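Dear colleague,

Here is the structure I promised to pass on to you.

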Amino acid sequence: MISVFDLYKVGIGPSSSHTVGPMRAAYDFLHAADKEVGLDKADSMVVELFGSLGQTGKGHGTGKAVMLGLAGEKPESVDTTKVEDFLKQVDSTQKLSLLGKHEITFPREGAIVFHRRKTKPRHANAMELRLYRGDEVIYKDLYYSIGGGFIVRDADFEESLEEAIEQSSKPIPYPFDSAADLLHHCSEHGMRISSLMLANEKVFRSEEEIRERLMHLWKTMDDCIARGIRTEGILPGGLKVRRRAPGLYQRLKNERSTDPMQAMDWVDLFALAVNEENAAGGRVVTAPTNGAAGIIPAVMKYADKYIEPLDEETVVRFLLTSAAIGILYKKNASISGAEVGCQGEVGVACSMAAGALAELMGGSVSNVENAAEIGMEHNLGLTCDPVGGLVQVPCIERNAMGAIKAINAARLALRGSGDHKVSLDKVIKTMWDTGNDMKTKYKETARGGLAVNIIEC
């Protein structure tokens, strides 16, 4: 089983596959190397980045993430206020302390290699790490960052996904590999999807801990919105993109409008605030990726502001329901923009948010499945073409659009007759097939689409 806490992770921006994953891989690699050969045997190392990591890694902060992971930092706990000072120190001294306990040389040229034309066959996001003593390689490994912050070692790649993530020796009460399985369990046992997910999660940890951790995720999302609303300035990376959330908030706060569509402006604000924070390297919740991190928080804030104030029960239900939908995409398709384009990031987040909102608004299990299907159906074929390899244009606005689509998908499902031609399982398969048919240049390479058709300035 994939846990809700595998899908939702606290991390730093701007990318789950290019920042969170590589940071975790570097951290994991050194702990394994320390056990195997001892870090004190090394005097230098090289990290090579392939495929999308090599092509857009500079814009996505992959080098920064690798260095933080090698220093012993983890995405969920790193102090983001100290990152820039750390990077300046490594650059000036050209030395790095592995896990904070053994210093090696780490030259600004050659320690991290971005391969723009080289790939590895198993996945678009690959990174090879090697420890050296003199010219001798004393330990090496190959990792894949497979989306949403998930990492897999090359030696484990052929194993089922469950082998790479949290497991329990106890069987879960309601196993599911498809939306049809979910619908069957819920119908047979008279359960909501959130109740089913909670029962499965309780195999891993107590209900009290589950609720506490889910509330922490929501608080992190809400705090991220607040930071994005109050922080002004220009986003890093060279595109000179100005943060829009603070100005939009001031206008909305002071407006006395009778415009019935103003709710959309607030949803746009919430999504922009999160993804501007993400683009700046701030703390976000991977939901299910960093590039799509604004959609679920924005839809939750919409529910809080326009439906009913969120409390522990509604937060828990929303996150569990959305996670169940996200798990279906993770198992049967992909949540990696480098693998299937942005339909696997913004499209999946939209689908997750739509289904969860439908449950919160009183929809049946069938309504939830329909809302999730609509959310993806109208994101099919969405490409990942970040300008300058940065998670800014079109990514930030795309989260606002995805959040609005999610709300509309939920409303369409709730207003419908319950009879729909396309199932969630069919649309997930279609998304996967579409991603496989998509040209590589449209999969987070910055070599197609908007990335080559607008001037980077």
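What follows is a short account of the backbone, the salt bridges and the surface charge.

Please keep in mind throughout that this is a predicted model.

To begin with the record, the UniProt entry, which is unreviewed, lists residues 3-155 as "domain: Serine dehydratase beta chain". In the model that span is 33% helix and 31% strand, and its end C-alpha atoms lie 23 Å apart.

Two cis peptide bonds deserve a look when you go through the backbone. One runs from Gly13 to Pro14, with omega near 10°, and Pro14 sits in the loop that joins strand S1 (9-12) to helix H2 (16-36). Another runs from Val393 to Pro394, with omega near 5°, and here the proline belongs to the loop between helix H15 (365-377) and helix H16 (395-415).

Positive phi values also turn up in residues other than glycine. Leu99, in the loop between strand S3 (95-98) and strand S4 (102-105), has phi near 55°, and with a relative accessible area of 17% this leucine is buried. Ala446, in the loop between helix H17 (424-437) and helix H18 (450-453), has phi near 60°, and Ala446 likewise counts as buried, at 17% relative accessibility.

The structure holds 27 salt bridges. One of them joins the side chains of Asp91 and Arg108, at 3.0 Å from N to O; because Asp91 lies in helix H5 (residues 83-93) and Arg108 in the loop between S4 and strand S5 (112-114), the pair ties together parts that are 17 residues apart in sequence. Both partners are partly exposed, Asp91 at 40% relative accessibility and Arg108 at 47%.

Arg205 and Glu201 form a salt bridge in which the closest N and O atoms are 3.6 Å apart, and here both residues are buried, Arg205 at 11% relative accessibility and Glu201 at 0%. Glu207 and Lys202 meet at 3.4 Å, N to O, with Glu207 partly exposed at 29% and Lys202 partly exposed at 44%. These two residues also take part in a network of salt bridges that links Lys202, Glu207, Arg211, Glu312 and Glu313.

Finally, a patch of positive charge on the surface brings together Lys58, Arg116, Arg117, Lys439, Lys441 and Arg447. Of these, Lys441 lies in the loop between H17 and H18 and is partly exposed, at 32% relative accessibility.

Note on methods:
Residues are numbered from 1 along each chain as its sequence is written. This is a predicted model: local features need pLDDT of at least 70, side-chain atom pairs count only at pLDDT 80 or more; totals for chains, interfaces and linings use all residues. Side-chain values use heavy atoms; hydrogens and water are left out. Helices (H or I, at least four residues) and strands (E, at least two) are DSSP runs, numbered from the N terminus. Buried means under 20% relative accessible area, exposed over 50%, partly exposed in between (1.4 Å probe, protein chains only). Patches are made of residues with over 30% relative accessible area and no salt bridge: like charges are joined within 9 Å, nonpolar side chains (Val, Leu, Ile, Met, Phe, Trp, Tyr) within 5 Å. Accessible areas come from the Shrake-Rupley method with a 1.4 Å probe; for residues, only the protein chains shown count as cover. A salt bridge is a side-chain nitrogen of Lys or Arg within 4 Å of a carboxyl oxygen of Asp or Glu. Lys and Arg count as positive and Asp and Glu as negative; His and the chain ends are not counted. The place of a charge is taken as NZ of Lys, CZ of Arg, CG of Asp or CD of Glu. UniProt positions are given in the numbering used here, feature names are shortened, and annotations may be inferred rather than shown by experiment.
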